[in-house]
Amino acid sequence: MLTSDDHVVPTPARTTPPITILLDPDDAWQITADALAAHAPAHGRITVHPTPGITDDRVLAHDLLAALGKQATHLNVQHLTTSGAAWAAAATWMILGNTTTLILLRAHLMGAQRWKRLLWLREETGVHLVLIHHTGTVAHTTRARLADIEHRITRDHHECLPPPPPGTEQSHDHNHDRAPAHDEAAAPSPAMVDAPFPRYRAEAYRRLTAAEFAQADAEYRRGLQAACAWLTSRATCETSPAQQDALLPIQTERGFSVWGEATLVDHVLGRTRLQPSVDGADDGPQRYPYPWSDTIQLEVFLSELVLGAPTRAHSVARVRGAQAGFLLHGLLLQPPDDLVAAGGPGMSYPFTRDVADRIRSQLAHPYVTAALVIALLSGTGGQHVSEVDARKLDASASQFTLASGHYAIPGYCRDLVRAAGLYCRLAPGSRRLRAVIGEHGAALVPAAATCGIEWDNSSLLVNGGPWHVWTGCWRVGEPLHEWHDIPPRGTRHCPGQRP
Amino acid sequence: MVVTEALQRTQDNLAIVIDERAMACVHGDSGLGKTLSVNASLRELAPAETVRVQFRSHPYLRDIRGVLFDALELPGPKPIHPLEFDTLLKDKLSERFRVLVCDEAQWMSTECFELWRHLWDDPHTDIAIIFVGGANCYKVLQREAMLSSRVLLWQKFEPLTPAEVMAVMPVYHPIWAEADLEIILLANRRAGHGNFRAWARVTVLAVRALKHLKRTTVDEEVLAWVCDRLGGQEPA
């Protein structure tokens, strides 16, 4: 069962169960009630109560989407204007939600086109179809359709309609979540502290209240620990231990350092804006500092660092903490000087779990969900997002790449992005997101509004680039400790610190 | 309001239907007091919860949706997509308990009844539905298995018996309180036929006849004057 928190877990190959036709000759209300009570999406079982009086197979797909938890709004209908699109979207969400059983009421009223779509859905998803015919017999046309398909006919509704698991929610095709709350105010957050890394914590201590500082410090330590864990898990040294021992130390005297007249101390304390110049690049690093080479993974790490941060202040605190962690590992992490005003992950829009849930429940078209997630995570406008190729959104959907940089996708919304790749396979057509959201992503604005998200499709990137792409990283020395040796608060010395 | 046995029975039946959140069908020839009895009962039992709807002959589904939308006082424009429309209706009907009274139900098609069933079957809506209809309403609803399995009560309105006429008419209007019981029975045989609507017409004309003939009590001559103007009509 895939949850929004999980990475995508490959579903083992399975054989499609035979179709079950449940006869209900008396059209008894109890059978309908049991079928509706059997609805349990979290357990892979959905019941569809079709909109009455409609033969259009597209509307049945919309009914199916509603049963999967998508709000029935005009927006969803607008984006799924063709039958193929609607059924592909339904199949996509069923696969991602690991739906194993689909119970369909009023199935005796289905026409040829609905049957065709339903059988296609069964092929693509492997779902067990339980079709309730509120008649005493199966029509000849239905028998003919099922002639070559494994199926069984029964009147035992107790066997076909199990009771819902205990504690199962009973929200149904009209989603009982009311209109989503607009962007909720985050928990009381620390006020923004505009100070560079070396002075950040001290400034926060001076300026914030005790409660605010506690929050800021918690985020700072979170960033520090994340940095240490990440660096420890990688081959962080671009040079071998022998090469490291041979590297000359950074010049600390004025006039001789790579920062010209400034020293490393000047630079760390923010007294200089100069970038260090590196010599001997062709022969490999001769001395500290030298640049961090794996910039792509650094971008992904930094974007992941601030995932779920409810405010910009939280993000800044985490980055400052990460800078401390990097320095403990001999690395100088340099975000833009104007980090507090920068755009990009964690700064442009607080993409929390609640936001992901709102997108999941309000939007049905996979291209729209993916585009909105990408736009909000990256802080770019719809124009850039519209160029995304759905086929290139990888199966794990753990990260994505735009012209502006590389970004991590939090676990709690990977299904929303993965959906686009899956949909692209199920509904052959344009693979670019612009096919649905428009050349400039115009469709994202009403989509965001539907989800209660205040977003106006303008790029929120300052100076044209996101902060995490403009963050430099330099190796300036050897690591000082292992990541698990982070001292608890109040401890003066670092256990495990190398002499 | 004249309290008849049928009215009393209607009120008792609707109290059960409301408690059980069920469906009911009140049927019978026109003019027998079905609508009046249902409305009077619901004014007592569920005055704030009752929503009355009535449709033109042979309504389409979109008519049902549109009339319900208006009757429930939903804001904004009516949705175009039927799923969105039904979702809106079901959301509204889930807010609190309501009694939906659908008059002239015999005009509706199977498709229309599917919508009523759909709204009632939904696990979140909180409704009771009363179908009220003419003589063939019973046949029409009974024909639909989805309704016959869901309707808890069927109440048929019959014409008033002669004994009921003799008991009710003197209470209904003072001119009958003064009239001889034989005259009342004669009026019933010739024109009233146990039908409230017919008796309403007879009464209006009898009042005029008394004035025209300068009488104070209804007698055979007054009745003849009335029947002459009714043209020998059978009760509707």
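Arg106(A) forms a salt bridge with Glu114(B). The closest N and O atoms of that pair are 2.7 Å apart. By salt bridge I mean a side-chain nitrogen of Lys or Arg within 4 Å of a carboxyl oxygen of Asp or Glu. Between chain A and chain B the count is two salt bridges.

A word on the source. This is a predicted model, where local features need pLDDT of at least 70, side-chain atom pairs count only at pLDDT 80 or more, and totals for chains, interfaces and linings use all residues. Residues are numbered from 1 along each chain as its sequence is written, chains are lettered from A and ligands numbered from 1 in the order in which they are written, and side-chain values use heavy atoms, with hydrogens and water left out.

Back to the two chains. How many residues of chain A are in contact with chain B? The count is 30 residues of chain A, against 25 residues of chain B. Contact means heavy atoms within 4.5 Å. Together the chains bury about 2200 Å², with 60% of it on carbon and sulfur atoms. Buried area is the accessible area (1.4 Å probe) that two parts lose on being put together, summed over both.

Next, polar contacts. Chain A and chain B have nine residue pairs of this kind, both residues at pLDDT 80 or more. The rule asks for a pair of N or O atoms within 3.5 Å; within protein, one must be able to donate a hydrogen and the other to accept it, and residues adjacent in sequence count only if both atoms are side-chain atoms.

Which elements of chain A give two or more residues to the side that touches chain B? They are helix 1 (29-37), helix 2 (57-67) and helix 3 (74-79). Helix 2 of chain A gives the most, with four residues. Helices here are DSSP runs (H or I, at least four residues), numbered from the N terminus.

Now look inside chain B. Four residues of domain 1 of chain B are in contact with five of domain 2. The two domains bury about 370 Å² between them, 39% of it on carbon and sulfur atoms. On the domain 1 side, Ser30(B), Gly31(B) and Leu32(B) lose the most area, together 82% of what that side buries. Between these domains the salt bridge count is zero. Polar contacts do turn up there: three residue pairs, both at pLDDT 80 or more.
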